[in-house]
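Thanks, everyone. I'll take charged pairs and then the sheet. Have the structure open while I talk.

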Amino acid sequence: MPGLTLGDVVPDLELDTTHGKIRLHDFVGDAYAIIFSHPADFTPVCTTELSEMAGYAGEFDKRGVKLLGFSCDDVESHKDWIKDIEAYKPGRRVGFPIVADPDREAIRQLNMIDADEKDTAGGELPNRALHIVGPDKKVKLSFLFPACTGRNMAEVLRATDALLTAARHRVATPVNWKLGERVVIPPGVSDEEAKARFPAGFETAQLPSNKCYLRFTQVD
């Protein structure tokens, strides 16, 4: 199995989805995209996750971020499953495509195979992997959860905001950061450069080491 990790270019796969056939690189285009896998259709944790992702879809759309789900069942199974997902939390609509991968080829190439979980026939199943892919088609951030643990979609959104903010302003985000809070200036940026880049100024934390490496600033 390929060891797809941060900085790797995702393979340009041709995929069959609930919205028709796509090529992965064309789907990402010039945007950020979140690709996320689920062990199987009509399973409890996956149903709650897809419902929650549908609930957050509007927030990702505001940020210009695309969503693409993966499951190893076929398209017709996905379409039937979507009815359950939407009924679970009425008012939420699954507007993003879900990839069909019955031969498990896509999840192998995207490093989404669960080492422990198998289907009833002993076949491979996806884990709960999630990759945030940039416009350059490279993996910018990954989450990996076992089948027994559902993901936190609020954290996926928070991490997406952190990535977008860091890319836009060439900054970093501190622990527990949320959109609108102060960011930190990377150590490679001198104070003189920081003054030019951040006209609103910055605050340097006073630490026992007397090293001026923890600098906070506000960005739009």
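Start with Glu203, which is partly exposed at a relative accessible area of 47%. The cut-offs are these: buried is under 20% relative accessible area, exposed is over 50%, and partly exposed is in between, with a 1.4 Å probe and protein chains only.

Some ground rules. This is a predicted model: local features need pLDDT of at least 70, side-chain atom pairs count only at pLDDT 80 or more, and totals for chains, interfaces and linings use all residues. Residues are numbered from 1 along each chain as its sequence is written, and side-chain values use heavy atoms, with hydrogens and water left out.

Who is the partner of Glu203 in a salt bridge? Arg182, at 2.8 Å from N to O. A salt bridge here is a side-chain nitrogen of Lys or Arg within 4 Å of a carboxyl oxygen of Asp or Glu. This pair links distant parts of the chain, 21 residues apart. Arg182 sits in the loop between helix 5 (153–169) and strand 10 (183–184), and Glu203 is in strand 11 (residues 203–204). Helices (H or I, at least four residues) and strands (E, at least two) are DSSP runs, numbered from the N terminus. Arg182 is also partly exposed, at 34% relative accessibility.

By that rule, the count is 15 salt bridges. Next one: Arg128 and Glu49, 3.0 Å from N to O. Arg128 is in strand 8 (residues 128–133), Glu49 in helix 2 (residues 44–62), and they are 79 residues apart. Buried or exposed? Both are buried.

Now a local pair. Asp80 and Lys83 have their closest N and O atoms 3.7 Å apart. Both lie in helix 3 (residues 75–88), three residues apart, about one turn of the helix. Lys83 is exposed at 56%; Asp80 is partly exposed at 39%. There is a network too: salt bridges link Glu59, Lys62, Arg63 and Asp161.

Seven strands form an open sheet, order 2-1-5-4-3-8-9, with mixed pairing. Two strands pair if DSSP finds at least two bridges between them. Strand 2 (20–23) and strand 9 (139–145) stand at the edges, each with a single partner strand, so one side of each has no neighbour in the sheet. Strands 8 and 9 pair in the antiparallel sense, over six bridges. Within that pairing, Leu130 has Phe143 in strand 9 as its bridge partner.

That's the tour. Questions welcome.
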